[in-house]
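Hi everyone, thanks for making time for this.

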Amino acid sequence: MSKTKKIAVYGKGGIGKSTTVANLAASFANKGKNVMVIGCDPKADTTRTLCGKRLPTILKTIKENKNPDISDIIFEGYGGVLSTESGGPEPGVGCAGRGVIVAMKLLEKLGVFSENDFDVIIYDVLGDVVCGGFAVPLKEDYADEVYIVSSGEYMSLYAANNISKGIKKLKGNLSGIVCNCKGIKNENEIVDSFAQKIGTKVIGIINRSELIQSSELEAKTVVEKYPDSSESKNYSILADSIWNNNFVSSLNPLDDDEFEDFFKKFIS
């Protein structure tokens, strides 16, 4: 079996990590890669644009059928990308981390990882470091590389800094930050400076775009809906950067005071 690139993508809720994961997977598929996407967020919305609809989650499926077949939980999306959603408990009930563990163990039991020669496996992980679901891909050795999606906004970078603390504690490798731009002043400079400050690098830049949003309304990635667009090309460039990336971070997250001082430098 060839060496599989196992990637976990983190980020503040609403920052666009699921959009990034789906378009990244579509780009890898366009390059002939054998790809699997595993949604590890209770919202279960990672694979919607790859498959054109929301998928039944693993947790919901096994609640109704204790011994599901692979076809009950894994679905083929755009470009042959295999897609699944772990799902999670209802809001306020249970632990999302437990849901991810149950899902991953079932995938292993059904031979999903051993019987498929994947080039790339991408995990879309909820970015709340206080939740057990955050730790699963790294603690259980499912992922080798971590990418954080962030804009140059204060709260987005604050979350990225907290996520980097969790990654360091779990001895993970923060292989880069994807700047998902929101159009604020000096955004690329802010994110690049932050990345260098904590011991990583910016791996790619995705510019704000209405095409990406309109594609999502039709439950499609921009890579599928507008294949010749600059947006699609940007995701293709990001896929190449990640595929060829061998960066090993030496993480040094900022404490809260250091983060405040860092961000204040960019406020005019």
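**A walk through the model**

Let's begin with K171, which is exposed, with a relative accessible area of 76%. For the cut-offs, exposed means over 50% relative accessible area, buried means under 20%, and partly exposed is in between, with a 1.4 Å probe and protein chains only. K171 sits in the loop between helix 7 and strand 7 (174-180). Helices here are DSSP runs of H or I with at least four residues, strands are runs of E with at least two, and both are numbered from the N terminus. K171 also has a positive phi of about 60°, although it is not a glycine.

Before I go on, some housekeeping. This is a predicted model, where local features need pLDDT of at least 70 and side-chain atom pairs count only at pLDDT 80 or more, while totals for chains, interfaces and linings use all residues. Residues are numbered from 1 along each chain as its sequence is written, and side-chain values use heavy atoms, with hydrogens and water left out.

Back to backbone angles. A219 has a positive phi near 60° too, and it is a residue other than glycine. This one comes just after helix 9, in the loop between helix 9 and helix 10 (222-225). Is A219 buried or exposed? At 8% relative accessibility, A219 counts as buried. At the start of helix 9, a side-chain oxygen of S209 reaches to within 3.0 Å of the backbone nitrogen of L211.

Now for the open space. The largest pocket has a volume of about 490 Å³. Of the 27 residues that line this pocket, those closest to its centre are G14, I15, G16, T19 and E216. Grid points are joined across faces, edges and corners, and the volume is the space filled by probe spheres set on the points.

Which helix gives the largest share of the pocket lining? That is helix 1, with 5 residues. Helix 1 (17-30), helix 2 (48-51) and helix 9 (210-217) each supply at least two lining residues. By class, the pocket lining divides into 5 nonpolar, 12 polar and 10 charged residues. Here Ala, Val, Leu, Ile, Met, Phe, Trp, Tyr, Cys and Pro count as nonpolar, Asp, Glu, Lys and Arg as charged, and the others, Gly among them, as polar.

A search of the whole structure finds 1 cavity of 30 Å³ or more, and the volume of the largest cavity is about 30 Å³. Its lining is made of V9, T20, L24, Y147, V149, V178 and I242. Helix 1 and strand 6 each supply at least two of the cavity's lining residues. That lining has 6 nonpolar residues, 1 polar and no charged ones.

On to S151, in the loop between strand 6 (145-150) and helix 7 (154-169). S151 is buried, at a relative accessible area of 0%. Its side chain makes a polar contact with the side chain of E153 at 2.9 Å. A polar contact is a pair of N or O atoms within 3.5 Å; within protein, one must be able to donate a hydrogen and the other to accept it, and residues adjacent in sequence count only if both atoms are side-chain atoms. Leaving aside neighbours within four places in sequence, S151 is in contact (heavy atoms within 4.5 Å) with residues including I15, N180 and K182.

Last stop, the aromatics. The whole structure holds 12 aromatic pairs. In one of them, Y158 and F259 sit edge-to-face, 5.7 Å centre to centre and 70° between the planes. This pair links distant parts of the chain, with Y158 in helix 7 and F259 in helix 12 (residues 256-264), 101 residues apart. Rings of Phe, Tyr and Trp (its six-membered ring) pair if their centres lie within 6.5 Å; planes under 30 degrees apart count as stacked, over 60 as edge-to-face and the rest as tilted. Y158 is partly exposed at 24% relative accessibility, whereas F259 is buried at 0%. Ring pairs link Y154, Y158, F194, F259, F262, F263 and F266 into a cluster.

How values were computed: On a 1 Å grid over the protein atoms alone, a cavity is a set of points where a 1.4 Å probe fits but cannot get out, and a pocket is an open set with protein on both sides within 12 Å along at least five of seven lines; lining residues have an atom within 4 Å of a point.
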